[in-house]
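The following exercises are intended to be worked with the sequence and the model in view.

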Amino acid sequence: MRNPLSKTITGIAPSGIRKYFDIVSEMEEAISLGVGEPDFDTPWHIRDEGIYSLEKGKTFYTSNAGLKELKIEIAKYLKRRFFLSYDYEHEILVTVGGSEAIDVAMRAMLDPGDEVIVPQPSFVCYTPCAILANGVPVVIELKEENEFRLTAEELSAAITPKTKLLVLPFPNNPTGSVMSQSDLEEIAEVVKKHDLYVLSDEIYAELTYGGESHVSIASLPGMRERTIVVNGFSKAYAMTGWRLGYACGPKVILEQMIKIHQFAIMCAPTTSQYAAVEALKNGEDDVARMREEYDGRRRYLLHRFKEMGLPCFEPFGAFYMFPCIKKFGMTSEEFAARLLESEKLAVVPGTAFGAGGEGFLRISYAYSLEDLKRALCRMERFLTKLTEEKK
């Protein structure tokens, strides 16, 4: 028989995150710190709005680009929070999660052979999406000494005549790294000099700590017309299962993104869209409450890592830590596998997010403080065993 499969898709490795979830689900008394999902329930007033939309029979398709009321609220939200101005009729697309927005943006913008610069460690979908859109991913390995921020020098060194798109994944999953306005201003100058475009994944924009708010590169002079901003409701509003995101950018790009979305998806879930309207209108207090709780967990983990002698730079975004385990002489995979076997504690190897993650672990603090305390006791016991083995 003829091979029924595409060489392109069979050449893409599956996500390195899922393997540990599957193991943990079948392991009694196991604790996982691997899930990148808020442990909070979607706030009741948001759920109520979704329920009410069902009770009122609002179960039909919306327009392809999304519910008008939702696009208006997205435009208002971006203006008041990040100083971004978008025309809701022509420059906003509501998608099935932020991941669809990333996929559709790349398919709309890339021709075969166009290079896409992907800083890593970073979320697992950027490189596969670039390949599926016939692009060529070019990886920049971010450095711990720079707190895993992208520098203008690193970006300049990676650019070739074929470079078209830069993925900017900040606040970052898995490192928790953020880019300051001054960092972004330097990146913007390189982007403009080389006539590039930017896909800015800002799904964790509301989850920053330490007193500085998130800055979008699209808000900088000359960058709005070069940037697709991706955001959504999963992380900030604890709405992962609602599967709702959005993309904003220049009309000329959004028109083509909507075309792809129209043929592949039709529209995002109607119930989720009505709930999201309520989230944007009345959810800021919920976001602030969850952000404060995450920050307390973040500070607790930093304290415990220091007590254990586990090196970790201080992250100011998302809900992840990226401690370094190089001193133990194991790969990230080996360390994670032994930790799971010995203590029934699951973390994600840094290499699940690119080769630059070797020697690191991703630890999520989207868990209750009680669960984190139990997990860190197991981690400390494991590190003690490793230290004794070396003697």
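**Exercise 1. Backbone geometry in loops**

Solution. The model is predicted, so local features need pLDDT of at least 70 and side-chain atom pairs count only at pLDDT 80 or more, while totals for chains, interfaces and linings use all residues. Residues are numbered from 1 along each chain as its sequence is written, and side-chain values use heavy atoms, with hydrogens and water left out.

Step 1. Helices (H or I, at least four residues) and strands (E, at least two) are DSSP runs numbered from the N terminus.

Step 2. Most residues other than glycine have a negative phi, and most peptide bonds are trans.

Step 3. Buried means under 20% relative accessible area, exposed over 50%, and partly exposed in between (1.4 Å probe, protein chains only).

Step 4. With a relative accessible area of 33%, Met 266 is partly exposed.

Step 5. Cis peptide bonds are to be noted as well. One joins Gln 120 and Pro 121, with omega about 10°, and Pro 121 lies in the loop between S3 and helix H6 (126–132). Another runs from Phe 170 to Pro 171, with omega near -10°; Pro 171 is placed in the loop between S5 and helix H8 (181–193).

**Exercise 2. The seven-stranded sheet**

State in what order the 7 strands of the open sheet are arranged, and which strands form its edges.

Solution. 

Step 1. Two strands pair if DSSP finds at least two bridges between them. The order is S2-S8-S7-S6-S5-S3-S4, with mixed pairing.

Step 2. S2 and strand S4 (136–141) each pair on one side only, which places them at the edges. From one strand to the next, the twist averages 20°.

Step 3. Both senses of pairing can be illustrated. S2 and strand S8 (residues 245–248) are antiparallel over 4 bridges, with Tyr 246 in S8 as the bridge partner of Val 94. Strand S6 (residues 197–201) and strand S7 (residues 227–232) are parallel over 4 bridges, and there Leu 199 has Ile 228 in S7 as its bridge partner.

Step 4. In a regular strand the side chains alternate between the two faces of the sheet. In S2 (residues 92–95), Ile 92 and Val 94 point one way and Leu 93 and Thr 95 the other, and all are buried.

Step 5. H5 lies across S2, strand S3 (115–120), strand S5 (163–168), S6, S7 and S8, and runs at about 160° to S7. Such axes are lines fitted to C-alpha atoms, for helices over the stretch in contact, and angles run from 0 to 180 degrees between N-to-C directions. Contact means heavy atoms within 4.5 Å.

**Exercise 3. The largest pocket**

State what volume the largest pocket has, and which element supplies the largest share of its lining.

Solution. 

Step 1. On a 1 Å grid over the protein atoms alone, a pocket is an open set of points with protein on both sides within 12 Å along at least five of seven lines, and lining residues have an atom within 4 Å of a point. Grid points are joined across faces, edges and corners, and a volume is the space filled by probe spheres set on the points.

Step 2. The volume is about 630 Å³. Of the 33 lining residues, Gly 36, Ser 99, Phe 123, Asn 173 and Lys 235 are the closest to the centre.

Step 3. Helix H2 (18–25) and helix H5 (97–109) each supply at least two lining residues. H5 gives the largest share, 4 residues.

Step 4. The lining comprises 15 nonpolar, 12 polar and 6 charged residues. Here Ala, Val, Leu, Ile, Met, Phe, Trp, Tyr, Cys and Pro count as nonpolar, Asp, Glu, Lys and Arg as charged, and the others, Gly among them, as polar.

**Exercise 4. The surroundings of Gly 249**

Determine whether Gly 249 is buried or exposed, and which residues Gly 249 touches.

Solution. 

Step 1. Gly 249 is found in the loop between S8 and helix H9 (251–264). Gly 249 counts as buried because its relative accessibility is 0%.

Step 2. Not counting residues up to four places away in sequence, Gly 249 touches Tyr 86, Glu 91, Thr 227, Ile 228 and Leu 254.

How values were computed. 1 Å grid on protein atoms, 1.4 Å probe; cavity = no way out; pocket = protein on both sides within 12 Å on 5 of 7 lines; lining within 4 Å.
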